[in-house]
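Please read the briefing below alongside the sequence and the 3D view. It is arranged by topic.

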Amino acid sequence: MRVADAVAKWFEVAGFRHYFGYAGGAVWPLMDGLTPFPHIDGIQAKHESHAVHMADTYWRATGEIAPVILSKGPGLLNAVGGCASAMHESVPALLIAGGGTTHFLGKGGMQEMYYRGHEDAVSVFRPITKGAWMVVRPDSIIEVLNFALKTAISGRPGPVFVEIPFDIQLAEVEGEIEAPRARSPQASRARVGREDIAKVAELIRGAERPLILAGGGVVKAGGEAALKALAEKINVPVVTTLPAKGALSEEHPLSIGTVGRSGFVSAARAARETDLLIAVGARFSDNNTANWRKGSIYDMEKTSLVHVDLDYSEIGRNFAVDLGLVGDARIFFEDLAREAAASEGKAEWLKTVRGYRAEWEAEILPLQTAATSPVHPARLMHEVAKALPEDGRVIVDIGDVTQYAEAYMKIRAPGGWQISPGMAEMGWGASGVLGPVAADGRPAVCVVGDGSFNMVAQILATAVEYNLPAVWVILNNFELGIERKGMERGYNRTHPWCHFVRKDTGEPYNPDFVKLAEAYGAHGVQVSNPEDLAPALEKAFASKRPWVIDVLVDRSVPSYFTKGIDRAYPDKWSKSYPAYNLLRNAEN
Ligand SMILES: Cc1ncc(C[n+]2csc(CCOP(=O)(O)OP(=O)(O)O)c2C)c(N)n1
Ligand SMILES: [Mg+2]
């Protein structure tokens with residue numbers, strides 16, 4: 001068999017159900033090798049970045065890898081942004097690229113990146129993957145793939161990149177195809193030791209205002225049920241980071257909501273007031289901490305911090321810890337639930353934070369039910385979350401839409417929410433929404449700004465071609481809203497790039513999204529009256545066809561930032577920023 005046939009066989013042995021990617025001469029042998037395996041469903045996107053986004057969201061939905069096949073040069077380069085997004089979010093992905101034939105290495109042929117090394121795609125991917133390799137011997141192909149896959153899924157997950165030169169794909173090899181599991185550890189996720197679990201239980205007993213912060217690591221570890229069981233047993237309130245929104249249903253009585261610079265006011269207040277924060281699988285990002293500003297969301301001077309993460313390098317990165325523990329989120333919750341005594345909770349504290357949550361809900365309800373037209377973004381988010389079927393998923397793109405979704409949506413079920421705010425790549429959600437649909441066909445809706453949708457609008461072709469019935473809800477404001485508002489705040493004027501305007505007529509410009517959808521063979525409807533949102537969503541979900549709901553939104557609504565928190569950037573380079581740094585510039 002050829003190496004290409006061995007790779008295809010390996011796909012089968014590894015149990016892959018799908019692969020994504022895009023054709024190219026450098027992967028003809030691989031494509032040919034996969035042709036006799038139609039039961040492994042290959043989905044070709046209209047752009048390589050979409051393929052990576054789909055593999056990313058596919059893994060999040062299923063816990064399964066769907067490899068991404070890329071051609072050399074521009075093919076694999078189109079995948080760079082998507083790969084970096086996956087890396088930033090700790091999502092495993094297996095990128096397999098074709099390379100030029102080894103006879104031509106260094107000759108500077110078409111699509112060879114020969115400028116600083118032979119065919120040097122590996123150097124492009126190394127900083128944004130957990131590992132990047134070029135296969136240089138045909139007989140090592142399965143060894144390399146098994147190692148790459150193990151690297152992607154073990155420990156803290158992340159993407160990997162394997163380049164297989166053209167002639168190596170065609171080389172003849174023989175032997176058994178070893179399954180990945182033969183080369184992988186049984187378990188690769190560290191477990192917090194018993195003594196440390198006991199210490200955490202003791203800290204909880206002694207605390208007056210304990211709080212659990214669940215981060216994206218909880219979702220990636222499949223730790224939602226264990227989180228719920230623990231929280232219920234010890235009666236400790238829970239806040240989540242943005243990626244983990246809904247890890248504990250936001251309708252659960254112990255949920256105080258999403259914490260961040262655009263999160264629930266209730267969650268920020270709880271985070272500021274807690275005396276014991278148990279942070280699990282959370283990185284304390286800029287979003288989560290309001291730019292790490294001292295006392296802004298977190299007041300670490302009065303809070304003891306237990307920080308649990310799979311990756312030691314995240315512990316202590318931004319906040320000093322009282323107890324830093326390396327371990328898997330799900331196992332940590334399970335072990336702690338066994339160790340900790342059932343408790344009525346700290347009644348006063350629970351009453352306080354529930355009060356905060358009730359105040360927050362009362363504050364946003366008038367916005368969530370605003371009857372104004374064009375549509376208030378809070379109303380839009382509320383309607384989408386409400387209309388979502390029980391098993392449905394919301395995939396969120398980047399822009400003002402992100403913050404409105406964070407604040408005004410309530411996510412009821414774990415797994416019902418996917419977002420990529422770490423790299424915050426426009427178009428990630430609008431193209432990624434098809435990954436989960438391809439995996440299991442459950443209803444999926446993407447909320448996306450008009451700017452971001454325009455970056456990847458050809459995703460509609462993939463949806464129609466492969467009959468993947470996602471729903472895109474476009475927040476149409478004829479602008480890069482978050483940019484326009486930020487520039488206005490900062491500089492009292494805006495650059496023309498912030499607005500979509502026809503230069504010949506001066507009118508606001510966007511393509512006609514309804515006609516665009518129809519041109520692709522999908523369905524579309526424009527909504528400007530909030531009353532029409534729920535019926536449009538219901539119709540779209542029921543139709544089991546790709547739908548675009550083009551919503552004219554009220555552009556006078558400001559970007560949403562949590563009230564009462566200071567998220568100001570440093571105003572002078574020479575001045576130390578009031579974060580929790582070890583030292584300060586002496587001149588301060
Ligand atoms: C690929 C990429 N380019 C640029 C940016 C910077 N950026 C972040 S949000 C945004 C504007 C988003 O506009 P739109 O999708 O219309 O959403 P709105 O804020 O109007 O709701 C831009 C340009 C980015 N995050 N990603
Ligand atoms: Mg916009």
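This is a predicted model: local features need pLDDT of at least 70, side-chain atom pairs count only at pLDDT 80 or more; totals for chains, interfaces and linings use all residues.

Residues are numbered from 1 along each chain as its sequence is written, chains are lettered from A and ligands numbered from 1 in the order in which they are written, and side-chain values use heavy atoms, with hydrogens and water left out.

**Ligand 1**

- The shell around ligand 1 holds 17 residues; a residue is near if one of its heavy atoms lies within 4 Å.
- A424, D450, G451, S452 and G481 come nearest to ligand 1.
- By class, the shell divides into 7 nonpolar, 6 polar and 4 charged residues. Here Ala, Val, Leu, Ile, Met, Phe, Trp, Tyr, Cys and Pro count as nonpolar, Asp, Glu, Lys and Arg as charged, and the others, Gly among them, as polar.
- G451 places a backbone N or O atom 2.8 Å from an oxygen atom of ligand 1.
- D400 places a backbone N or O atom 2.9 Å from an oxygen atom of ligand 1.
- E483 uses its side chain: a polar atom there lies 3.2 Å from a nitrogen atom of ligand 1.
- Taken alone, ligand 1 exposes 590 Å², and the protein buries 77% of that. Accessible areas come from the Shrake-Rupley method with a 1.4 Å probe; for residues, only the protein chains shown count as cover.
- Helices (H or I, at least four residues) and strands (E, at least two) are DSSP runs, numbered from the N terminus.
- α20 gives the most, with 4 residues.

**Magnesium ion (ligand 2)**

- D450 (OD), N477 (OD1) and E479 (O) coordinate the magnesium ion at 2.0 to 2.2 Å. Donors are N, O and S atoms within 2.8 Å of the metal (3.2 Å for Na, K and Ca); water is not among the atoms, so sites may look incomplete.
- The donor residues follow the spacing D-x26-N-x1-E in sequence.
- D450 lies in helix α20 and N477 in the loop between β16 (471-476) and α22, so this pair ties together parts that are 27 residues apart in sequence.
- Both D450 and N477 are buried. Buried means under 20% relative accessible area, exposed over 50%, and partly exposed in between (1.4 Å probe, protein chains only).
- F478 lies in the loop between β16 and α22. It has a positive phi of about 55° although it is not a glycine.
- At 22% relative accessibility, F478 counts as partly exposed.

**Aromatic pairs**

- A search of the whole structure finds 17 aromatic pairs. Rings of Phe, Tyr and Trp (its six-membered ring) pair if their centres lie within 6.5 Å; planes under 30 degrees apart count as stacked, over 60 as edge-to-face and the rest as tilted.
- The rings of F20 and Y58 have centres 5.8 Å apart and planes at 80°, so the pair is edge-to-face.
- F20 lies in strand β1 (residues 18-21) and Y58 in helix α3 (residues 48-62), so the pair ties together parts that are 38 residues apart in sequence.
- F20 is buried at 1% relative accessibility. Y58 is buried at 0%.
- One aromatic cluster is formed by F264, W360, Y404, Y408 and Y560.

**Backbone details**

- S373 and P374 are joined by a cis peptide bond, with omega about 0°.
- P374 lies in the loop between α15 (347-368) and α16 (377-387).
- K544 has a positive phi of about 55° and is not a glycine.
- K544 sits in the loop between α24 (533-543) and β18 (547-552). With a relative accessible area of 56%, K544 is exposed.

- T101 lies in the loop between β4 (93-99) and α6 (121-125). Its relative accessible area is 17%, so T101 is buried.
- The side chain of T101 makes a polar contact with the side chain of D167 (3.4 Å). A polar contact is a pair of N or O atoms within 3.5 Å; within protein, one must be able to donate a hydrogen and the other to accept it, and residues adjacent in sequence count only if both atoms are side-chain atoms.
- F166 is found in helix α8 (residues 166-170). F166 is partly exposed, with a relative accessible area of 26%.
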